[in-house]
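Take a look at the sequence and the structure below. This report follows how two chains meet, then turns to one residue.

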Amino acid sequence: MEFRLSESQQQLKEMIHGFAHSVLRPMSLEADRAHRLPDDFLAKLGMMARAFPGGGAAGLTANDDAPVAKRSSSQHRTTLVASEEMAWGDAAVILSIPGPGLGGPPVRFMGTPEQKERYFAVFKQPGVHFGAYGLTEPGAGSDVAGIATTCRKDGDHWVLDGRKCYITNGARADWVVIFATVDRALGRAGHRAFVVEKGTPGFSVGKIEDKMGLRASETAELVLEGCRVHERHLLGGEEHYRGSEGFMGAMKTFDATRPVVGVMAVGIARAAHEVMVDFVKQNYLLSRPIPRYGALAAKIAEGARLLDAARLMCWRAAWMADEGIPNAKEASMAKAYAARAAMKVASDAMDVMGAHGLEESHLVEKWYRDLKVFDIFEGTAQIQRIVIARRLLK
Amino acid sequence: MISFALSEEQQAIQETVRRFATNELRPRARELEQSGVPAALRRTFHDLGLALCDLPERFGGLGLATAALVHEELAFGDPGAAVALFGPHLAPSALVELGDEAQATRWLSRLDRPGARGAVAWNGAVTAKRAGEDWILDGEKRFVVNGDGADVVVVFADDQAFVVEGSAVTPGRRAAWGALQAVPVASLSLAGTRVAEANRLRGDRIALARFFARAQVMAAARQVGLARAGFEFALAYTQERTAFGQPIAQFQSVSFDLAEMAMEVDAARCMVWRAAAELDAGGTSGVFAAAKAAMQANQGAWRVADDAVQLLGGAGYIRDFPVEKWLRDTKALAVLGQVDEVSQQTVAGGLLETGIAFPLDALQPVVT
């Protein structure tokens, strides 16, 4: 039982905190307004991420194609430490770190050695490169088994037709993992995952979403119209899809990413909480004892409690992942608890600061906007509760 | 490095206490509630060697982290018994935090005996006046756990703390409580009680804060045990009970409640473990961690206990089932210690850099 960071984790935390403070924060508002991060910044960010193979700020987007077993035993925990600090600076940046992104895990888990070689090779090239994960559709979000994008075998090619939406880095990605079905009646057993490369005929970008928050992160609609890909692009090859294992393999990545998403919410909410505390110090405290403002003290203390509890829930799930203990329930708990707690903290910060919280210069209103999606992506609050309840009732 | 792993020794202790709680406490919870903890049960518990488990290792204890495991299990059996069986109660914590090595060693030896009981008397005004080398204490204390006859009593008087013989105080009337009835809570009075200077505990404000924090962690650990009991009971019941043709756990609204309960139990436990580990490591960070853990556990346990009654419906409200007791007990555990309103002041005071808030400075809660 221990709840302190190792020395190297502490150093990493301080380093990333410094970066978040001096680089991310100052550019945060402008990037939010511009709906994008500067290209030269992305290039530097990509180089930085490569310098931390498998760890560092990479989190969701590690440029790491090493097998899980070969990674250090504290990787999940270290990733959480780094991700919280990055999110404290600006969460949209984490989603914009050049690399395979959420497309990485399915290639890593399902891909053949040749596929891994081919698709990860691009990230070793100079320049800014992204991968992406195309699962969600206009008619299938939480119920991913209901996807309607079709795939049809035609000689040694597959023909894909359908639309994908809310795809992070979808427009600029070098390749996207596209989930499609051979026959909707087969449910998950009918699912196939393809790696579709940018520029493939029939594969185009629809609209770029105008979002409530995380606006510096690119969220795109993707359109597949008679898009022909060679069978080499079918992840894992035909063998992989005897039964529904392939799909379940893709789902397993959530056990690793949900605690990261949870701790990112903690990082953002911690930022809002700090600003609230400073605000109270400067505007209310004067020289009076706090009990004079008991209700403010209560909000400050409750926020601190929620942040700690949420962080510990995330750490626990990551510790289990590092130890190889099945953690699907705990990963969902971490994300569900952290997202709600973070939203509450940010909302309280808005309440305490009043109109000042709405001022863009305070960033609090941005964080409040950014946070809402943490209760939605990587499984909504309701999906997390379904996952938890299923495992409790087993 | 962050780790939620228990040592082999901790696992063994947890296992032993879980068995004791399941076999000896849970089946007798109603009996203990009616007539308190019998001497024989106290002896059985004493034989487990865990009466002073919350003390630091240098005083023969196992540390708070392990004690938190012990008290979660005890309270899982019965929250009232968890407090009542903890015979020396908070007196050892007060001695090691507020006293010097000699004072602690001397008085702890009195509490390390089968059936020994200690008390810390906080609530109520008692004056301390110098009389030559000695002090004279006068006044009445209320809501004192083991106030009906402790062997050793730590008394807060004015801004001081003293340790006195149980025989030097007059036990008062036992309080009639609506919850946690297995715990003997009584007033006690001091009338011109003479105490030697050697028995004044000279700990500073940090020591005082750490004493309260230890008390909070123990109480919070019991809230976790209580919450787990309520959650597990509701989890089993809702899978048995059918309505509209299926077990009610299959209804999404019920299953979501169960998911929330599981999260509250786990979040509170994480906070308790962290606070206990921080306090064991020394310093003041544990003081804030303990205040947050107490808030988390008090609110979480109440919510879980309330949900448990709710999910059992009418069955939750009658005494054939234990859940109504847990809903009463959780409130008693929350107000027996430092109340959340004071913990909030402590946490906010730390963040706003206005210092640690004390009950002395703000509200006067019931601290026993």
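## A salt bridge between chains

In this predicted model, the side chains of A:Arg385 and B:Glu260 form a salt bridge. The N to O distance is 2.3 Å. Across the interface of chain B and chain A, the rule finds 7 salt bridges.

## The side of chain B

Which helix of chain B gives the most residues to the side that touches chain A? Helix H9 of chain B does, with 18 residues. Helices H4 (64-77), H8 (205-240), H9 (252-281), H10 (285-312) and H13 (340-351) of chain B each supply at least two. By type, this side of chain B holds 26 nonpolar, 12 polar and 8 charged residues.

## The extent of the interface

Chain B brings 46 residues to the contact, and chain A brings 42. Together the two chains bury about 4,200 Å². Carbon and sulfur atoms account for 68% of that area. Three residues stand out: B:Met1, B:Ile2 and B:Leu352 supply 20% of the area that chain B buries against chain A, more than any other three residues.

## A buried arginine

B:Arg214 lies in helix H8 of chain B. Is this residue buried or exposed? B:Arg214 counts as buried because its relative accessibility is 2%, and the cut-off for buried is under 20%.

Definitions and conventions:
Residues numbered from 1 in each chain as written. Chains lettered and ligands numbered in written order. Predicted model: local features only at pLDDT ≥ 70, side-chain atom pairs only at ≥ 80, totals over all residues. Heavy atoms only, no water. Contact = heavy atoms within 4.5 Å. Buried area = accessible area lost by both parts, 1.4 Å probe. Salt bridge = Lys/Arg side-chain N within 4 Å of Asp/Glu carboxyl O. Helix = DSSP H or I, 4+ residues; strand = E, 2+ residues; numbered from the N terminus. Nonpolar A, V, L, I, M, F, W, Y, C, P; charged D, E, K, R; others polar. Buried < 20%, exposed > 50% of the residue type's maximum accessible area, 1.4 Å probe, protein only.
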